[in-house]
Amino acid sequence: MSKSILIIVAFFLIARTATLAQAPSPGTATTKPCVDAITVTSTQDSGPGTLREALLNALSNPGPDSILFDIPDSDPGFDPGTGAWFITPVTQLPHLIDETVIDGGSQRRFQGDRNPAGPEIFIDGKNLSSGSGFVIANARNCAILEVGIVNFHERGIEIYGKKAVENIIRGCFIGIDPTGTVAMPNHLDGILITIQSHHNWIGGPGERDANVICGNYADGISFGVSSFNVIENSFIGCGPQLNPVPNKGNGVRLFNDNDHHRIGPGNNIAFNQKNGVALEGNYGSSGSHFHTITANSIFANEQKGITLDAKSNEQIKAPVITGFSAGTVTGTALPDSHIEIFSDDGDQGRFFEGESATDATGAFTWSGPIRGRYITATVTNGNGSTSEFSQPFLVTAAPAIRNAAFSPRLYQNYPNPFQGRTEIAFELPARTHVTLRISDALGRVVARLADDVLPTGKHSVTWNGRDAAGRVLPAGTYFCRLRTGNSARFTRMAFMPARR
Ligand SMILES: [Ca+2]
C-alpha cells in the first residue's frame with residue numbers, strides 16, 4: 001500500500017471517527033464497518049461487478065464507501081497494447097452524492113503495474129453524447145485516484161456545490177491516453193470546480209499523486225465561483241515527459257468570484273493554446289483575489305504565462321528586473337513582499353530558480369545559477385495575491401553561470417508561420433545522439449526528421465509540412481522536439497499550407 005493511500009485511508013478513518021462522535025445513536029453506528037469496500041471486476045457497463053453497480057451501491061449506502069478495481073486480463077475491455085482496462089459507459093454514470101473513494105490504484109495493487117506510464121483504469125466517454133465523466137455533486141470527502149477520464153462530451157470531472165468540500169483528485173489522466181502522449185480529449189474542461197465548492201485538492205505530494213490534464217478542448221482546470229482549492233504537482237498541457245499535448249484553452253482559468261486558491265508548488269503548465277494561468281475576475285461581482293501561484297514550471301503557453309485582468313489579485317504589479325551581473329539579479333517590486341525568480345528561454349517561467357523578498361523600499365536581490373536565457377520574476381503580497389511574470393531580462397553573463405556548455409539549443413524555425421517548407425536549426429555542445437520529431441497538437445508524432453549521432457556544432461533540417469507517407473498535413477500548430485540523452489527542447493510551429 002503506497003504512502004498516499006495510507007494517508008487517504010487514515011484521513012477517512014479520522015473523518016469516520018468524527019462522524020461517529022457526533023452520531024446520536026452510537027449503538028447502531030458501532031456495528032457498521034468503517035468503510036464499505038465494493039470491488040469492480042468487469043469493464044461491462046451494467047450488472048454485478050461493474051462500476052455502475054458499485055456507484056449505485058455506494059450512493060444507496062449512507063456513509064463512506066470505497067470502490068476498488070480487480071479486473072482480470074481476460075476481460076474484453078483490457079488493452080494489452082497499453083496495459084489499461086477501458087470502461088465505456090453508454091449512459092452517464094451516477095453522480096457522487098456522498099463520501100466515495102474511486103481507487104483506480106487498487107487495480108495496480110491487485111493485478112500489477114501493467115501500465116507503467118499511468119493509470120490502469122480508464123473511463124471512456126466516447127459512446128455518450130452529453131455529460132461529464134465524474135460529477136461530485138455537493139458531496140464531501142470524495143476521492144478520485146489513479147483513473148483515466150477521456151473522451152467525455154463535457155468535462156472529465158466536475159465538482160460543484162457549497163457542500164462539495166475536501167474532495168481529492170490524484171494520479172488521474174484527464175484527456176490523455178494511457179501512454180501519456182496522445183490526446184483523448186474531453187470536449188470542455190479537464191476539471192471544473194464551481195458553485196461555491198471549496199477546499200478541494202488536485203494533485204498531491206506523493207510519487208503517484210500527479211494528475212496529467214492535457215488535450216482537453218477548453219481549459220485544463222477551470223474554477224467558477226469557488227475558494228481555497230489547491231492544484232499541485234500536476235502536468236497541465238504537457239505529458240509526464242514534458243511532451244506537448246496542449247489544452248485548447250488555458251492551462252488553469254479562474255473566472256467569476258474566486259478567492260484564496262493555491263496553484264503550486266510543482267505544477268508543469270506548458271504549451272496550452274491560451275494562457276498558462278488566467279485570472280478573470282471581471283466575470284464576477286467582487287472579483288477574484290488572494291490567489292497564490294508559487295514554485296511552478298510555466299512555459300511555452302501560446303499567450304501569457306500568467307495573466308491578471310482588472311478585477312484579479314488586487315491588480316498587483318509585476319516586478320521589474322533592473323539588472324543581472326556576476327550571478328546576481330536585482331529588481332524592484334511592491335515593498336515587503338515575497339519574490340520568486342524564474343528563468344526561461346521565452347517570457348514565462350520554466351525554471352523556478354529561487355526566492356527572495358523586497359525590502360521597505362521595494363528593492364530585491366537574488367544570487368544563484370540561472371538555467372534559461374531570460375530571467376523573470378513574480379511577486380506575492382501579504383494577502384497571498386501573486387502577480388504576472390515580469391518582463392523577461394536577457395541573461396548576458398558568462399556561460400559558466402548558465403552551464404550552457406552542456407545544453408543543446410533548438411532555434412525557432414524559419415520562416416514561421418510557414419507555407420511550403422521551413423528550416424529548423426539546432427546546436428550541439430558535443431557529439432551526441434539526436435532525435436528530432438514533429439508532433440501535432442494532439443501529441444501524435446507525424447514526422448521524424450533526425451535519428452543519428454551528430455558532431456558538435458550547428459545543424460539544420462528542413463521540413464515540408466508532410467507526414468512520413470508524403471501527405472500534406474492540415475493547417476495548425478505543430479511541435480518540434482529535439483532530444484539528446486535525457487534532455488528535450490521544444491519549439492512551436494504554425495503551418496499554413498497553400499490552398500489548392
Ligand atoms: Ca500504472
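This is a predicted model: local features need pLDDT of at least 70, side-chain atom pairs count only at pLDDT 80 or more; totals for chains, interfaces and linings use all residues.
## Domains

The chain is divided into three parts: domain 1 covers 3-315, domain 2 covers 318-383 + 390-401, and domain 3 covers 407-495. Taken over C-alpha atoms, the centres of domain 1 and domain 2 are 34 Å apart.

Where these two domains meet, 14 residues of domain 1 are in contact with 12 residues of domain 2. On the domain 1 side, the elements that give two or more residues are β26 and β27 (297-299). Of these, β27 gives the most, with three residues. The domain 1 side is made up of six nonpolar, seven polar and one charged residue.

## The sheet of nine strands

Nine strands form an open sheet with parallel pairing, in the order β1-β2-β5-β8-β11-β15-β19-β23-β26. The edges are β1 (36-40) and β26 (292-293); each has a single partner strand, so one side of each is left without a neighbour in the sheet.

Tryptophan 201 has valine 230 in β19 as its bridge partner. Helix α3 (residues 51-60) lies across β1, β2 (65-69) and β5 (100-103), and runs at about 165° to β1.

## The sheet of seven strands

Another open sheet has seven strands in the order β7-β10-β13-β17-β21-β25-β28, and its pairing is parallel. Its edge strands, β7 (134-137) and β28 (306-308), each pair on one side only. On average, neighbouring strands of this sheet are turned by 10° against each other, direction ignored.

## The nonpolar core

In soluble globular proteins, nonpolar side chains tend to be buried together. In this model the largest nonpolar core has 106 residues. Those with the most contacts inside this core are Ile144, Ile149, Ile191, Val277 and Cys480.

Which residues are in contact with isoleucine 144, leaving aside its neighbours within four places in sequence? They are Ile102, Phe134, Ile157, Ile169 and Cys172.

## Strand β34

Strand β34 (residues 374-380) is mostly covered, with seven of its seven residues buried. In a regular strand the side chains alternate between the two faces of the sheet. In β34, Tyr374, Thr376, Thr378 and Thr380 point one way, while Ile375, Ala377 and Val379 point the other way, and all are buried.

Strand β31 (residues 338-344) pairs with β34 in the antiparallel sense over seven bridges, and glutamate 340 stands opposite threonine 378. Strand β35 (residues 393-394) also pairs with β34 in the antiparallel sense, over two bridges. In that pairing, isoleucine 375 stands opposite phenylalanine 393.

## Arginine 431

Arginine 431 sits in the loop between β37 (422-428) and β38 (432-440). Is this arginine 431 buried or exposed? Arginine 431 is exposed, because 11 other C-beta atoms lie within 10 Å and the cut-off for exposed is 12 or fewer.

Arginine 431 and threonine 456 are 25 residues apart in sequence, but 4.7 Å apart in space, C-alpha to C-alpha. Leaving aside neighbours within four places in sequence, arginine 431 is in contact with Val453, Leu454, Pro455 and Thr456.

Key. Residues are numbered from 1 along each chain as its sequence is written. A nonpolar core is a set of buried Ala, Val, Leu, Ile, Met, Phe, Trp, Tyr and Cys residues joined through C-beta atoms within 7 Å. A residue is buried if 20 or more other C-beta atoms lie within 10 Å of its own, exposed if 12 or fewer, and partly exposed in between; C-beta atoms are placed from the backbone. Two residues are in contact if their C-beta atoms, placed from the backbone, lie within 7 Å. Two strands pair if DSSP finds at least two bridges between them. Helices (H or I, at least four residues) and strands (E, at least two) are DSSP runs, numbered from the N terminus. Axes are lines fitted to C-alpha atoms, for helices over the stretch in contact, and angles run from 0 to 180 degrees between N-to-C directions. Domain bounds come from an automatic or database domain assignment. Ala, Val, Leu, Ile, Met, Phe, Trp, Tyr, Cys and Pro count as nonpolar, Asp, Glu, Lys and Arg as charged, and the others, Gly among them, as polar.
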